[in-house]
Amino acid sequence: TLRVLTGIKPSGTPHLGNYVGAIRPALRSSALGSVDAFYFLADYHALISTHEPERVQRSTLEIAATWLACGLDPQRVTFYRQSDIPETTELTWLLTCVCGKGLLNRAHAYKAALDKNAASGAEPDEGVSAGLFMYPVLMAADILLFNAHQVPVGRDQVQHIEMARDLASSFNHLYGPHFTLPEAVVEAQVATLPGLDGRKMSKSYDNTIPLFAPPEQLKKLIFGIVTDSLAPGQPKQTEGSALFQIYQAFASADESAALARAYAQGIGWAEAKQLLYERIEAEIAPLRARYLELMARPHEVEALLQAGAAKARRSATPFVQRLRHAVGLRPLV
Ligand code: TYM
């Protein structure tokens with residue numbers, strides 16, 4: 001059976017980009033029934049960007065409750081917290097030792113940090129932790145530990161999955177065919193959801209729309225999405241319109257075509273924003289209600305995560321023993 005795996009980093013409140021880029025496509029594919037799905041909270045990864053323990057814990061609960069509210073069925077999906085699977089860090093080391101340093105030098109997130117330092121005249125690696133540099137190897141371990149075939153993600157994660165493939169083939173080449181080569185699955189419609197300012201919606205740009213913002217706040221944020229200053233009655237362009245792109249991520253093809261016609265006929269921005277608000281609210285409102293119920297019962301969420309971790313380890317533990325043996329270490333019993 002097809003194995004599907006994806007994770008979200010608990011370093012803040014989940015936003016619409018996480019929902020349309022990862023959560024919704026992942027849950028659609030696992031609803032098909034014939035897939036073996038692994039969805040997790042990447043809290044080891046969160047430590048790279050936040051050093052606030054309460055924030056990691058709070059965000060872990062929020063993202064776990066989000067997955068469940070969006071329809072994850074813990075009976076059918078292996079749903080867990082990354083740090084409950086210590087085999088992940090052990091595999092990270094085995095992969096680190098087959099990973100060329102040059103491969104990591106080319107990672108987008110690391111290069112972006114170098115560029116930023118170059119622009120401000122700082123030392124090249126200033127503020128860059130070794131954790132940030134190693135990020136792709138930890139992520140490869142997440143994926144390869146469960147031999148996932150497909151990884152549903154937004155476009156920003158594609159390079160990481162290609163690196164996981166590279167590491168899997170290097171390891172297989174040296175030690176035999178232990179790993180499946182994973183592939184990224186990106187929904188074309190929503191590959192990169194724009195945020196309030198038109199750039200990629202991202203916690204680091206502070207331009208996000210929280211997935212479960214209360215209705216009034218959701219509306220206020222949507223009314224703050226950047227547009228040009230054309231008046232009602234003047235034809236508008238869909239090309240490059242963040243508002244239109246977000247609408248597309250929530251609407252059917254027919255509804256999007258109707259909005260495109262309204263743009264050409266000069267719909268006013270306030271009216272277009274009202275349509276977007278109603279479309280998102282219609283999809284999110286029932287999920288938000290379940291989310292609030294779950295947030296009031298953190299112990300139940302925690303119990304589900306622990307049961308999920310036990311299930312995940314039933315395959316991870318023997319697999320890492322096999323890998324230890326393959327590289328010449330003594331398997332632990
Ligand atoms: P993270 O937590 O930054 O984002 C989680 C998921 O949301 C997607 N996403 C977006 N998709 C479309 N438009 C956007 N504006 C947008 N913003 C975020 C991301 O592409 C991602 O799919 N490194 C990962 C977490 C991770 C992981 C893994 C994922 C750790 N191990 C193994 C898959 C497999 C991350 O930081 O995602």
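This is a predicted model: local features need pLDDT of at least 70, side-chain atom pairs count only at pLDDT 80 or more; totals for chains, interfaces and linings use all residues.
In which crossing, left-handed or right-handed, does α4 pass α13?

Residues are numbered from 1 along each chain as its sequence is written. The pLDDT is the predictor's confidence in each residue, from 0 to 100. The protein chain averages a pLDDT of 96, and 100% of the residues score at least 70. For the complex, the predictor gives an ipTM of 0.98 and a pTM of 0.96.

The protein chain is divided into domain 1 (2–193 + 298–327) and domain 2 (212–292); such bounds come from an automatic or database domain assignment. The C-alpha centres of the two domains lie 31 Å apart. In domain 1, 8 residues are in contact with 6 residues of domain 2, where contact requires that the C-beta atoms, placed from the backbone, lie within 7 Å. Helix α3 (residues 53–69) gives the most to the side of domain 1 that touches domain 2, with 3 residues. Helices are DSSP runs (H or I, at least four residues), numbered from the N terminus.

Two packed helices are described by the angle between their axes and the distance between the axes. Axes are lines fitted to C-alpha atoms, for helices over the stretch in contact, and angles run from 0 to 180 degrees between N-to-C directions. Helix α4 (residues 87–96) packs with helix α13 (residues 298–327) at an angle of about 25 degrees, their axes being 10 Å apart. The angle makes α4 roughly parallel to α13, a term for angles under 35 degrees, whereas angles over 145 count as roughly antiparallel. To return to the opening question, α4 passes α13 in a left-handed crossing. A crossing is left-handed if the near helix is turned anticlockwise from the far one by less than a right angle, and right-handed if clockwise. Glu87, Glu90, Leu91 and Leu94 of α4 make the contact with residues of α13, among them Arg313, Ala316 and Thr317.

A second pair is formed by helix α10 (residues 242–250) and helix α11 (residues 253–264), which pack at an angle of about 160 degrees, with axes 9 Å apart. These helices are therefore roughly antiparallel to each other, and the crossing of α10 and α11 is right-handed. Here Phe244, Tyr247 and Gln248 in α10 meet Ser256, Leu259 and Tyr263 in α11.

Methods
Two residues are in contact if their C-beta atoms, placed from the backbone, lie within 7 Å. Helices (H or I, at least four residues) and strands (E, at least two) are DSSP runs, numbered from the N terminus. Angles under 35 degrees count as roughly parallel, over 145 as roughly antiparallel, 65 to 115 as roughly perpendicular and the rest as oblique.
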